[in-house]
Amino acid sequence: MKFFFLLATVTSTATAFTTGFAPSVVTKSASAFSFTLNAEAAAATTNGTDKKKVIILGGDGFCGWPTSLYLSDQGHDVVIVDNLSRRNIDTELGCDSLTPIQSPAVRVQAWKEVSGKDIKFVNLDVAKEYDLLVQLIKEEQPDSIVHFAEQRAAPYSMKDSKCKRYTVDNNVSGSNNLCCAVIDSDVDAHIVHLGTMGVYGYGTSGGEIPEGYIDVILPGGREQNILHPAYPGSVYHATKCLDALLWQFYQKNDNLRVTDLHQGIVWGTNTPQTIRDERLVNRFDYDGDYGTVLNRFLMQGAMGVPLTVYGTGGQTRAFIHVTDTARCIEIAINNPPNAGERVEIFNQIAETRRVRDVAEMVAKQTGVEANFLPNPRQEAAENELDVSNKKFCNLGLDPITLDEELFSEVTEVVNKYKHRCDPTKILPASFWNKKRAEECATLDPSSVKVEV
């Protein structure tokens, strides 16, 4: 693989692409996975490690909530920090979670009742309430701070200038505030940030994407290992690239200990913890802005709606089940870099799949055909994606892969709550530029009909 920049030729220890339908990374079959057995397997991941005080920024969200419960269930002392901005965006978009999520107070009380464990909740805006953040870190003295507190949807970040500006202001300011707060509080807390595979971009790179850093040959034959070049595909992805530069700076300047997790597209809804009480159910987004692609397909298939495939469906993306998100976070907090070591970077994925192949899997299971729509995104119509995930696997992760047996779990959730679906929210509602908006002008949200 070659990159050209500043007259430098960049090379990597690339392996040949694995193309087509087969996974391109180390995985296990989801058919071996069950919620009843997974807790035991997950416990083995942290066998012999110390339990930690963990602050989870954005702990009320789609990934943050199940991660908070999982870490608490593993014996860690968890404090959730969230300003409930994602719930406010539900109101803004006029589209609630398909699952009826309870208030934070009800959620943490329900967890106390079923587990006997306490989770503290603090309503705080990381991007705006800096003094309160510093005070909280001083009071709690966390071992680790997990940073989910960012606007997470690429489509929402491209909706209009207001959403673009909000995404930058919230995400970049929040990450900068976190670094400053750790320094000002004089607490040696390990920062674990949930990033995205999108920092690498989704072009065809010509080889395996390494975990964060890439070997380069500079003019004169000088060899170096540098941060992988960034190639964002939305304002949201651009903020994650800016985050990566902040982590690099504050590690170099202030010896902060940081782990950056480049995560794939998350699918699934429930985990072994969230199924223990209906009040603990995780959120399920199905709309064109926040619904992740596989969850959207599974919801549409269960409700008899043609699957909304954008463009040719030739986009290859990385996937991870929400249960593995929580497990990866714990592996990261239990394996922090030492003071003075560079930012640790993991590719947090289970496998890569082409979108039309994923649609074919869901169509085969549900009998609902795929509907190829004009693409609202400015992106390559077709791309390959080969990604290394060896670090997590070497630390004990046996990742869950896409499997029809697990699809049924999501389908059951959809069938239970499908009366809460607003079919007018299913089609894409955010467009990357004027040309994309014009190409999608014929899409009619009111034309979508669901089976009840």
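**Close-up views of a predicted model**

**View 1. Leu84 sits in the loop between β4 (77–81) and α3 (85–93).** Leu84 is not a glycine, yet its phi is positive, at about 65°. Helices (H or I, at least four residues) and strands (E, at least two) are DSSP runs, numbered from the N terminus. This is a predicted model, where local features need pLDDT of at least 70, side-chain atom pairs count only at pLDDT 80 or more, and totals for chains, interfaces and linings use all residues. Residues are numbered from 1 along each chain as its sequence is written, and side-chain values use heavy atoms, with hydrogens and water left out.

View 2. Leu93 counts as buried because its relative accessibility is 16%; buried means under 20% relative accessible area, exposed over 50%, and partly exposed in between (1.4 Å probe, protein chains only). Beyond its neighbours within four places in sequence, Leu93 is in contact (heavy atoms within 4.5 Å) with residues including Tyr156, Asp287 and Lys425. Leu93 and Tyr156 are 63 residues apart in sequence, and 9.8 Å separates them in space, C-alpha to C-alpha.

**View 3. Asn255 lies in the loop between α8 (235–254) and β10 (258–263).** Here is another positive phi in a residue that is not a glycine, about 60° for Asn255. Asn255 counts as partly exposed because its relative accessibility is 43%.

**View 4. Leu294, Phe297 and Met299 touch the most other members of the largest nonpolar core, which has 38 residues.** Such a core is a set of buried Ala, Val, Leu, Ile, Met, Phe, Trp, Tyr and Cys residues joined through side-chain atoms within 4.5 Å. Not counting residues up to four places away in sequence, Leu294 touches Trp267, Phe319, Val358, Val362, Leu402 and Phe407.
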